[in-house]
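The sequence and the model come first, and the notes follow.

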Amino acid sequence: MKSVFSKIIFYSQYAPLLALIPGLIRFRYLSRTMKVLLLTPVAGMLTEIAIVILRDLGLPNLPLLHIYTIIQFLLIAWFYGLLFKRMLPRLLIPSIAIGFTIFSIINSLFIQPISTYNSIALGLQCLLGISFTIIGFYKIMAEMKELSLIKSPEFWANLGFLLYFSTNLFILILSNPMMSLGETANYIIWGVRAIFLYFFYLSLGVAFMVSK
Amino acid sequence: MNIYFVLIAGTLGMCLLAGGIITFTVVYRKRLMEQQVLIKETELRHQKELLHSTIITQENERKRLAADLHDEVGAMLAALRLALSQAQKQEDKDLKKAQLSEVKRLVDLASNSTRRISHDLMPPALETFGLAAALGDLLANLSTSGLKITADIPPGSTCGNSACDLAIYRIMQELYANTVKHSGATEIDIKMNNTDAGLEIIYRDNGHGFTSDQKAGKGLGLKNIESRLSVFHGELNVSSSPEGSVTRILVRPD
């Protein structure tokens with residue numbers, strides 16, 4: 001079981017390609033909102049490359065997670081800001097993004113050192129992400145732009161984000177205490193997380209493929 | 001063990017929540033789409049019915065016009081031709097003078113018939129003096145039928161443009177025809193009002209009204225009225241009791 005999950009975790013560094021490749025293939029058909037969404041797997045891929053480099057250099061990569069958390073949330077907020085342009089007050093999501101950034105920096109500097117998981121910021125990121133996706137699904141129901149949900153890029157993007165943030169919430173909040181559970185338990189837990197990571201990038205990939 | 005429990009329970013719980021949200025979205029949206037399709041189909045069916053009734057009314061009008069022209073003007077022109085032929089052949093001056101008088105009488109009759117038919121098609125007072133004057137003429141003519149008609153139509157009443165005024169004129173004709181044909185009423189009362197919301201017309205009669213089944217079935221007359229009002233974003237509201245019917249019409253300005 002440990003070897004199965006270790007392979008799942010190992011190959012998860014390529015998971016952003018599940019979204020990146022379809023995104024680049026369909027690039028000229030993507031709306032502005034979807035082009036912004038494409039930056040999420042781009043950031044994911046670049047972070048994975050950086051992790052590999054740091055690992056090869058024998059350097060810790062947890063500080064990178066602190067930075068990536070902020071970048072990832074800013075990209076997600078940008079995407080949802082464009083998506084909810086006509087629905088929500090114009091400055092609401094930018095305010096949330098700025099607030100989260102400030103909080104994450106304070107968390108990394110004063111609350112949770114950069115040599116540990118920034119579980120508080122990650123948990124907050126998940127909660128905010130879940131809130132965005134719930135509003136996103138409400139928008140899909142209210143507008144009914146597409147006859148079929150399967151052909152709606154917004155549906156697939158929301159699906160991916162909702163599954164990702166929902167399943168990661170408790171794993172990320174408990175990421176620091178989990179380190180005391182033992183190697184096998186950690187492989188299983190992070191392996192399960194990696195599976196949902198595949199689903200996340202796959203959903204984004206489908207969102208790019210159905211864009212027109 | 002506590003961490004395991006929180007982790008597993010929390011993650012499963014969030015998965016269920018996510019699944020619930022997605023399922024709700026899919027199912028609810030499908031229902032909304034089905035409802036929208038149903039509404040659009042009903043609207044389309046209604047529009048088709050209105051169009052159908054408009055076409056039938058137009059054809060009936062044409063038949064009536066053809067009959068009027070044939071029976072009245074055609075017959076008079078035939079009689080006129082005969083009288084002129086006889087007058088042409090007549091050598092006696094007095095008899096010729098009498099026959100020419102008869103010709104003049106027939107010409108006057110034909111002219112009156114033509115004028116009446118023309119006024120039915122397009123009331124001249126409507127374009128020259130406006131809706132209130134045209135309705136005044138119409139109601140004065142209709143009063144001779146024995147029905148007691150009272151009207152409160154302020155001078156200058158209009159719904160904004162001549163096409164709309166003509167539609168209101170036709171609607172009045174239709175309401176009168178409905179009252180005579182179906183209600184058995186002896187009195188009609190018409191009130192017209194230019195309000196902030198638009199031109200309001202309240203038409204009452206003291207007939208025996210109609211049942212909700214009859215209203216649901218909607219005769220040709222009501223459908224014609226609806227059809228005319230739909231062009232000008234007008235509203236129609238009909239209420240009925242054994243004491244009589246009240247028809248409320250509101251035409252909003254453009």
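Cys164(B) is buried, at a relative accessible area of 2%; buried means under 20% relative accessible area, exposed over 50% and partly exposed in between (1.4 Å probe, protein chains only). This is a predicted model, in which local features need pLDDT of at least 70, side-chain atom pairs count only at pLDDT 80 or more, and totals for chains, interfaces and linings use all residues. Residues are numbered from 1 along each chain as its sequence is written, chains are lettered from A and ligands numbered from 1 in the order in which they are written, and side-chain values use heavy atoms, with hydrogens and water left out.

Cys164(B) forms a disulfide with Cys159(B), the sulfur atoms being 2.0 Å apart. A disulfide here is a pair of cysteine sulfur atoms within 2.5 Å, and the structure holds one over all chains. The link between Cys159(B) and Cys164(B) is left-handed, with -135° about the S-S bond.

| Residue | Relative accessible area | Class |
|---|---|---|
| Cys159(B) | 8% | buried |
| Cys126(A) | 1% | buried |
| Cys15(B) | 25% | partly exposed |

In chain B, His233(B) lies in the loop between α7 (220-231) and β4 (234-241). Helices (H or I, at least four residues) and strands (E, at least two) are DSSP runs, numbered from the N terminus. His233(B) is not a glycine, yet has a positive phi of about 55°. Most residues other than glycine have a negative phi. His233(B) counts as exposed, at 54% relative accessibility.

Chain A has nine helices and zero strands. Of its 212 residues, 51% count as buried.
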